[in-house]
Amino acid sequence: MRLSRRAMLRDGMLAVSAGMVMPAVFSRGLASARALAMDNARVSIAASDHILIVVQMAGGNDGLNTVIPYSDPTYLKVRPTLAIPQNKVLTLDDRLGLHPNLAPLKDLWDKGHMAIVEGLGYPNQSLSHFQAMDIWQTLDLAGSGTEGWLGKLVAGLVDQDGHPFKALDIGSQTAQALASISTPVPTLTSTQSYRLASDPIDVASGANSRLQALMKLYNTYPKSSPYAALLDTTALNAQEGANQLQAANAAYHPAVTYPTGPFASGLQVLAEAIVQGLGLRVGYVTLGGFDTHANEQATHDALMTTLASGLSAFYNDLMHHGKADNVIVMTWSEFVSRVEENGSLGTDHGTAAPLFVLGNAINKGIYGDPPSLTDLDRNGNLKYTIDFRSVYATVLDRWMGASSKDVLGGSFGAQNFLPQV
């Protein structure tokens with residue numbers, strides 16, 4: 001994923017020691033930086049305690065083996081090896097079912113807390129990983145966007161007090177969906193990682209040598225530049241955020257046992273931020289590994305287990321803490337697999353993806369028109385039936401209290417998996 005020079009500099013400022021004393025020079029541009037952020041915040045957000053968690057299934061999930069058209073004879077015909085047998089499918093209705101390893105999500109479905117949207121896509125869909133990811137994240141159908149749809153939303157959430165955890169990204173690099181002109185998003189792999197690590201060759205002075213290097217970098221930046229003020233604010237918010245996060249980590253006690261692995265651990269960090277009241281409105285976590293061109297079955301089976309067990313633990317943790325009513329989870333993947341399996345017992349890049357939306361506020365159901373497995377486009381791929389931006393519009397208008405027109409740059413309709421407000 002490409003990063004601008006400013007983005008690389010910004011992300012390098014995110015991890016600041018919880019115990020360090022912020023030098024006075026960093027306070028110089030605080031007021032102007034916050035004013036800059038507010039000027040660039042083009043989205044008005046209603047006051048709310050609603051939280052959106054976005055799960056990226058990176059690599060191109062095999063949608064037909066996730067949400068399975070088990071009653072369609074074409075599915076079995078074109079997937080003689082990979083098709084899930086009907087007796088193993090977790091049936092939702094007389095047409096669709098879930099992968100057998102998604103039993104924890106089937107439980108949420110049975111309780112009325114899950115919706116599925118079928119056939120999602122956009123005109124002239126790209127089968128390139130990076131271009132398709134950029135399209136889903138920035139809404140630029142040419143795949144060359146720079147500001148993420150969630151980045152625009154987050155910019156509107158930042159108030160005059162900063163609040164570093166209005167948004168939180170779990171990972172080693174900020175997701176393009178959260179890229180913002182004015183508002184850097186804290187990005188971390190764990191609560192312990194959100195600090196300035198000491199230099200292993202400078203044990204005596206701890207983090208001081210790195211702090212000095214950071215100051216040197218800062219002081220070489222032109223003081224008249226508007227981004228100097230933005231760097232001030234980023235550093236101050238990082239210091240405040242590190243203190244808040246470490247305190248929250250000490251006080252938080254999960255109500256469930258999370259599965260092992262980075263995906264569930266990331267969800268646990270987001271649960272901690274929610275339960276401990278850090279002000280989170282947007283959380284983001286990625287589960288990778290879905291590019292299954294060869295020997296798909298074992299890999300995809302394991303990914304389905306990881307996805308379902310992690311999301312189930314997250315939901316149940318929030319339920320026990322009385323926070324589940326405030327949270328919805330939306331999954332997405334940059335594309336899905338082709339209808340037929342390939343000669344390597346895998347699947348190749350295709351179109352028309354399904355996604356899940358989870359939460360107590362959800363209207364249970366299957367939304368969108370199912371794409372035909374026989375009426376394919378000229379490249380042999382599914383024809384999408386729902387513009388993916390209509391899902392974003394629904395979440396923005398009906399859950400986050402934001403204008404989808406302002407965020408998405410147009411009108412894309414709505415799906416009824418959330419009630420009208």
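Where is Lys166 found? In this model, which is a predicted one, Lys166 lies in the loop that runs between α6 (149-157) and β6. Hello everyone, and thanks for coming along. Let me stay with that lysine for a moment before we look at the rest of the chain.

Is Lys166 buried or exposed? Its relative accessibility is 16%, and buried means under 20%, so Lys166 counts as buried. Who does Lys166 touch? Setting aside neighbours within four places in sequence, Lys166 is in contact with Leu157, Gly279, Leu280, Arg281 and Val282. Keep Val282 from that list in mind, please, since strand β8 covers residues 282-287.

Now let's step back to the overall picture. We have 421 residues in the chain, and 55% of them count as buried. In terms of secondary structure, there are 12 helices and 12 strands. If you take the contacts between residues at least 6 apart in sequence, 74% of those join residues at least 24 apart. For those of you who like surfaces, the chain exposes about 16800 Å², with carbon and sulfur atoms supplying 52% of that area.

Back to β8, then. Five of the six residues in this strand are buried, so β8 is largely enclosed by the rest of the structure. Which strands pair with it? One is β1 (residues 51-57), which runs parallel to β8 and is joined to it by six bridges. If you want to find that pairing on screen, look for Val55, whose bridge partner in β8 is Val285. Another is β6 (residues 167-170), also parallel to β8, with four bridges between them. There, Asp169 has Tyr284 of β8 as its bridge partner.

Which elements give two or more residues to the lining? The largest share, four residues, comes from α9. How does the lining divide by class? There are eight nonpolar, 11 polar and one charged residues.

Three strands form an open sheet in the order β2-β4-β3, with antiparallel pairing. The edge strands are β2 (67-68) and β3 (90-91), each of which pairs on one side only.

One last stop is Asp369, in the loop between β11 (365-367) and β12 (386-387). How far apart are Asp369 and Glu118? In sequence they are separated by 251 residues, yet their C-alpha atoms are 6.4 Å apart in space. Not counting residues up to four places away in sequence, Asp369 touches Glu118, Gly119, Thr385 and Ile386.

Terms used: Residues numbered from 1 in each chain as written. Predicted model: local features only at pLDDT ≥ 70, side-chain atom pairs only at ≥ 80, totals over all residues. Heavy atoms only, no water. Buried < 20%, exposed > 50% of the residue type's maximum accessible area, 1.4 Å probe, protein only. Contact = heavy atoms within 4.5 Å. Areas by Shrake-Rupley, 256 points an atom, 1.4 Å probe, with all protein chains shown as cover. Pairing = 2+ DSSP bridges. Nonpolar A, V, L, I, M, F, W, Y, C, P; charged D, E, K, R; others polar.
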